[in-house]
Amino acid sequence: MKAIVVKDFGAPEVMNLEEIETPEPNEDQVLVRVKAAGVNPVDTYIRTGTYAQKPDLPYTPGKDAAGIIEKTGGNVTKLAVGDRVLTADAGSGTYAEFCVCEEKHLIKLPGNVSFEQGAGVFVPYATAYRALFQKAKVQAGETVLIHGASGGVGTAAIQWAKNADLTVIGTAGSEEGKRLVKEQGADFVFDHSRENYLNEILEATNGKGVEIIVEMLANVNLVKDFDVLAKFGRIVVVGNRGSLEFNPRLTMGKDASIHGLALFNAPPDEMREIHEAIFDGLSKGFLNPIVGKRFALADAVKAHHEVIESKALGKIVLEI
Ligand code: NAP
């Protein structure tokens, strides 16, 4: 099969399209014919070799994919050859024509959702769900600031939050991004590259502030977040790309809590809840994955540059 192969950690250019052996599913796995693969920022961190998850070399990148079951292992009972699925935790890299995945790490892809959309589901939607419902424990009627709402996790968070009857304030750094955030149902949209946008957010809440912040760039925003956080507010740190100086007193005055989140830490019962919620949301249509940019598998290098260097606009997917 054709697959992207990384033989040395480093810049995007370490990724090459090669012919490698198709993986063989074990008794608990299925073989998925990948139709599209999702490109997540975490794929780029892993590729550098400096991230918490460090695969043995050579490896094929990619966590998210959607496709059709080609073959099943002997212990597989709920899924069959020909089923449309999306991967929640693939057992081999998804930037490839085929990947293997345990049955328990697959979610059926409802007929109303395309393979490209399905490829952009798991990491963003699971992360956004975990941030809102399992960490911040949001309640209907509360106001959430999705600080970085134009990307994969952000658009997913808007859709979950609107379905849960929250008031949503979203931010983006471009006009296209702001338009996308508004189209997803955000009640208010602000530009996080503008100087006084935090004042505008505070005004939108009549000076009260927001109960919840889902934070995509904590090293830039964590201190400023306290300017717009309501008393007893909760901040969930989803994204972070550096360090900052922080005075813990900020949390005291507002009785605020800060929750860290890494999707791969979700315990099995919470993961099961996430799988069920995603299938339900996709089937009912209140989750509607936004594919922003498409690349061919051979252009994975360009896709990795794009996901880190350009303004976000929904998900980036590789068409296979
Ligand atoms: P993405 O699609 O590339 O989107 C990045 C988002 O961050 C965009 O909305 C972008 O807005 C926004 N952003 C840029 N500058 C910002 C600023 N100064 N303040 C607020 N937001 C800003 O990435 P993603 O897939 O949504 O992931 C978002 C972050 O969460 C990444 O850092 C990713 O690694 C992390 N993540 C963590 C977990 C976890 O388990 N903790 C899981 C998934 C993702 P513009 O481009 O419009 O400026």
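How many residues has α4, and how far does α4 reach from its first C-alpha to its last? In this predicted model, in which local features need pLDDT of at least 70, side-chain atom pairs count only at pLDDT 80 or more, and totals for chains, interfaces and linings use all residues, α4 has 12 residues and reaches 17 Å, close to the 16 Å expected at 1.5 Å a residue, the expected span being 1.5 Å times one less than the number of residues. Residues are numbered from 1 along each chain as its sequence is written, and side-chain values use heavy atoms, with hydrogens and water left out. Helices (H or I, at least four residues) and strands (E, at least two) are DSSP runs, numbered from the N terminus.

Helix α4 is mostly covered, with 10 of its 12 residues buried, where buried means under 20% relative accessible area (1.4 Å probe, protein chains only). Among these buried residues are G152, V153, I158 and W160, and their cover includes the helices α3 (122-135), α5 (175-183) and α9 (268-284), together with the strands β8 (143-147), β9 (167-172) and β15 (315-319). Following α4 is D165, with a positive phi near 65°.

Within α4 (residues 152-163) lies T155, which is buried at a relative accessible area of 2%. A polar atom of the T155 side chain lies 3.3 Å from the backbone oxygen of G152. When neighbours within four places in sequence are left aside, T155 is in contact (heavy atoms within 4.5 Å) with A149, S150, L180 and Q184.

Helix α9 has 17 residues and reaches 24 Å from its first C-alpha to its last, close to the 24 Å expected at 1.5 Å a residue. The buried residues of α9 include I274, H275 and L282, and what covers the buried residues of this helix includes α4 as well as β5 (84-87), β7 (106-108) and α3.

The ligand is surrounded by 26 residues, of which the closest are Y45, S150, H192, L261 and A312; a residue is counted if one of its heavy atoms lies within 4 Å. An oxygen atom of the ligand is 2.7 Å from an N or O atom in the side chain of S150, and an oxygen atom of the ligand is 2.8 Å from such an atom in the side chain of H192, whereas a polar side-chain atom of R241 lies 3.4 Å from a ligand oxygen. The protein covers 86% of the 920 Å² of accessible area that the ligand has on its own, as calculated by the Shrake-Rupley method with a 1.4 Å probe. The elements that give two or more residues to the shell around the ligand are α1 (41-48), α3 and α4.

Definitions and conventions
Buried < 20%, exposed > 50% of the residue type's maximum accessible area, 1.4 Å probe, protein only. Polar contact = N/O pair within 3.5 Å; in protein donor to acceptor, adjacent residues only side chain to side chain.
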